[in-house]
Amino acid sequence: MALALFKKSEIAPLPDIEAASLRSDRFRLEREADWRRLEAIVISLETNRLRRISDEDLLALPVLYRQAASSLAVARETSLDAATLAYLEALVRRAWFQVYGPRTSLFGWLRLFLGGGWSIAVRSIWLEIAIALAVMVAGTAAGWVLVSQEPEWYYALVPGEMAGGREPGADRAALAETLKGTGDSEGLTAFATFLFSNNSAVSILAFALGFAFGIPTLLLLVYNMASLGAMLWVFFKAGLGWEFVAWLSVHGTTEFGAILLAGAAGLHVGRSMAFPGDRSVMSAAADSGRRAAQVMAGVVFMLAIAGLLEGFARQLVEQPGARGAIGSVMLLLWLTYFTFAGRRTGRLGAAS
Amino acid sequence: MNAVTAARNPSEAKRRRELVTPEGLSLPLTLASKGARAGALMLDLALIFLGLVVFSLILAALGIGISQVEGEQVAPGIEVVLVLVILLLFLARYGYFLWFEIGPRGATPGKRALGIRVAARGGGRLTAEAVIARNLMRDVEVFVPLVFLLSGGASGVAGIAAGVWLAIFVLFPFFNRDALRAGDLIAGTWVVEAERRKLPQALSLTPRTPGTYRFGEAELSVYGEHELQVLEGVLRHDNAEAQRKVVEAICRKIGWEPGHGDDRQFLEAFYEALRARLESGMRFGKRKKDKFDR
C-alpha cells in the first residue's frame, strides 16, 4: 500500500490514432501525449516536487503550454467533445498558473525584502509617514494637554491594566518603582512573545482599517498616542521625565516606529482609494495595497524586535543612561536602514 | 463546462471571465462562487480550530494546565510552552492562510478541497506582496467579526455601530461584480475555479461493423449540440437504465422502432453520426445550439 502511494502513476498507452472515426478525435489523439506530459509537469510543480522534473521537461514546459493553449483554441472551434474541452481548459489554466506563478519561495522573497524591497516601499510612502507622524505628535500633545487641564482625563485615556499604579498624584517613589527592571530573565521570554503578538495584532488592525479611507487608522493613532501623552505628563510632573523617556525608549523607538509605519501603510491605501489620480480606483488600490503589504511585513518584523527589547533589554538594564543609549542606537539603525538600504539595487523587489 | 453548457446556466455564465495572458492568449476563467469560498473558509477555520484542539490535548496529556501558568513564578519548562502557545495562536491567525496561498497551488487546504485558488486579477503574476495584503485584510473581515459575534455582539449604540461597520467588510463580496472581498480589492487578486480534470477516453474509438446503423439527414437534423452533450454524458456514465430511456426517446423522435439488447451500440453509433454531422457544420461556420435552433 505504501509503495503504491509513492509509485508514479503509469500513463496508459495511447490507442491507435487511425482507430478513431471522427476527425476531432484524431486531432485529440495526436496531441494527447503532449497534454499528458504537460499535466505531469504541472502536477510536479503544484506539489513543489521540482526535483522530479527532468531538464528536458522544464525546457519543454513553455512550448507544451503554448501547444495546449492553441489546441484549446482549435478544439473550441472544431470539436464537440465536452469532456475533452473541459479537460483542456482546466489543463491550460493550471499550466498558466504555474508558468506565471510566483517565482520565488517564501525565503527567496524574504531575502529580496530585507535586502531593499522593504526600505524602498517605506521610502515610497514618505508622505503618509509624515502625516502619520504629525498625527501621532498631535495625539501625544493632546493627551498631555488634556490631562494637565483635568487629571480625570487620565483614566479615560489610559486603560486600567496598562496603568499599573502609574496614576496622577501617585508619589515619586511609587512611580519610580514601576520603571524598575526585574534583574533576572525568568519569565521574560513569554512576556516578550506576548508583547510581540499583541502589538502585531493591533498594528495589523490599524492597517486593515485604513481601507475606509484611512480615517479609523488616524483615530486609532490619536487614541494610542494620547495615552502616551497622558503618561508623559504624569511622570514629568513627578520629576521623573528623563527616567520615563529612557525606560520607554529601549523598545519605544522600534515599537513606535512600527506603529508609525503601520498607520502610514493604512493611510496609504486609504488615500490612494480616495484620490486615485488618473488610475482606476481598483488598480490604485491594488498598487498601494501591495506596497503597503511590504511595509506591513516589515512592521511585524520590527515588532518582533521591539518585543525582545521590551521583554529583555528593558527589564535587565536599569541605568536610564544605558536604556536611552539602546533606544537611540535602535532609532539610528532604523533610520540608516530605511534611508540607505536598496538604493543601489534600484527598484529591485519593489512593489510591481 | 464549455461555452455551450455555460450559456444554459446563467449563474455560471455570469461568473465567466476572459483573461488575456501576456502572450495574447485568451484564457477562460470561472470565478469561484460565493458558496465555494464560504465553504473553503469554514473548512480552513475548522482545520485551524482542530489543530488548536489537538495541540491543547497534547499539552493536557503532558500534564500542563492553565493552573501552572497562572502562578507568580513561572517555571522555565512551562515558559517555553507558553511562548509556543502564543506564537502558535499568532501563526494560526496570520500565518496559516499566508503560508498556503504563497505556495505554488495558491490555495489553502480548504480552497483546494473545493477546487478554487487565488489568482492575480488581470493576468499578471501572483506576488507574495499581494498574498500578504489580502491576508492582512482578512483580520477585519473574518477574525474581528468572529470575536465580535462570540463576545455577545451588539449592545448599545457603539455596539450596533461596530456591527454595521464590520458588516460592511463581511458583506463586501456581495456588492461587486467579481465577488471581491476587501482584501482582494487591496491586493489586486481574485479567487477562481481551478479544479483538476481527468481526460476520459475518446468516444469514437470502438470499432463496429459498418452499416449496422445508418442515419440519414432527416434523422440527424433533429438534434443540436446540447442534446449531443447530454448523450455524451449518458455514454460516459454507462448506466443501462438511462441508456434504455435515451434509446426510446431518440427512436420516438426519429420514428424508428427501438431494438433490444444493443442500446449502447445504437447510442454510440448515433452519437458518432450526430457529432460528425455537427462538427462538419462547425467547420463551415454553422452551429446548431440545440433542437430548437433552426
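What follows is a working chat about a predicted model with chains A and B.

User: Let's start with chain A. How many helices and strands are there in chain A?

Analyst: Chain A has 14 helices and zero strands. Read from the N terminus, the elements go α-α-α-α-α-α-α-α-α-α-α-α-α-α.

User: And what share of the residues in chain A is buried?

Analyst: Buried residues come to 46% of the 352 residues in chain A. As for contacts in chain A with a separation of 6 or more, 79% are between residues 24 or more positions apart.

User: OK, now chain B. How many helices and strands there?

Analyst: Chain B has 13 helices and four strands. Of its 294 residues, 30% are buried.

User: What share of the contacts in chain B joins residues at least 24 apart?

Analyst: That's 64%, counting contacts between residues at least 6 apart in sequence.

User: Switching to the core. Which residues touch the most other members of the largest nonpolar core?

Analyst: That core has 132 residues, and the ones touching the most other members are A:A68, A:A230, A:A265, A:M296 and B:I186. Helix 12 of chain A, residues 241-274, gives the most to this core, with 16 residues. There's another core apart from it, with 11 residues, including A:L80, B:L228, B:V246 and B:F270.

User: Pick A:A265 for me. What does A:A265 touch?

Analyst: Skipping residues up to four places away in sequence, A:A265 touches A:I125, A:F207, A:G210, A:A292, A:V295 and A:M296.

User: Helix packing next. At what angle do helix 10 and helix 13 of chain A pack?

Analyst: Helix 10 (residues 188-208) and helix 13 (residues 281-316) of chain A pack at about 150 degrees, and their axes are 8 Å apart. The cut-off for roughly antiparallel is an angle over 145 degrees, which is why helix 10 of chain A counts as roughly antiparallel to helix 13 of chain A.

User: Is the crossing of helix 10 of chain A with helix 13 of chain A left-handed or right-handed?

Analyst: Helix 10 of chain A makes a right-handed crossing with helix 13 of chain A. Their contact is made up of 16 nonpolar residues, eight polar and one charged.

User: Now the interface. How many residues does the contact take from each chain?

Analyst: Chain A puts in 66 residues and chain B puts in 62 residues. On the chain A side, helix 2 (23-46), helix 3 (55-78), helix 4 (82-99), helix 5 (106-124), helix 10 and helix 13 each supply at least two residues.

User: Which helix of chain A gives the most to that side?

Analyst: Helix 4 of chain A, with 14 residues. The side of chain A that touches chain B divides into 39 nonpolar, 17 polar and 10 charged residues.

User: Why is B:D238 classed as exposed?

Analyst: Because B:D238 has 9 other C-beta atoms within 10 Å, and the exposed class takes 12 or fewer. B:A179 has 18 C-beta neighbours inside 10 Å, so B:A179 counts as partly exposed.

User: What is B:K34 in contact with?

Analyst: Leaving out neighbours within four places in sequence, B:K34 is in contact with B:P173 and B:A179. B:K34 belongs to helix 3 of chain B, residues 34-61, and counts as partly exposed because it has 14 C-beta neighbours inside 10 Å. From B:K34 to B:L19 is 15 residues in sequence and 20 Å in space, C-alpha to C-alpha.

User: Last one: where does B:A273 lie?

Analyst: B:A273 is in helix 13 of chain B, residues 263-283. Its contacts, leaving aside neighbours within four places in sequence, are B:F215 and B:L220. B:A273 and B:L62 are 211 residues apart in sequence and 70 Å apart in space, C-alpha to C-alpha.

Key:
Residues numbered from 1 in each chain as written. Chains lettered and ligands numbered in written order. Predicted model: local features only at pLDDT ≥ 70, side-chain atom pairs only at ≥ 80, totals over all residues. Core = buried A, V, L, I, M, F, W, Y, C linked by C-beta atoms within 7 Å. Buried ≥ 20, exposed ≤ 12 C-beta atoms within 10 Å, placed from the backbone. Contact = placed C-beta atoms within 7 Å. Axes fitted to C-alpha atoms, helices over the stretch in contact; angles between N-to-C directions. Parallel < 35°, antiparallel > 145°, perpendicular 65-115°, else oblique. Left-handed = near helix turned anticlockwise from the far one by under 90°. Nonpolar A, V, L, I, M, F, W, Y, C, P; charged D, E, K, R; others polar.
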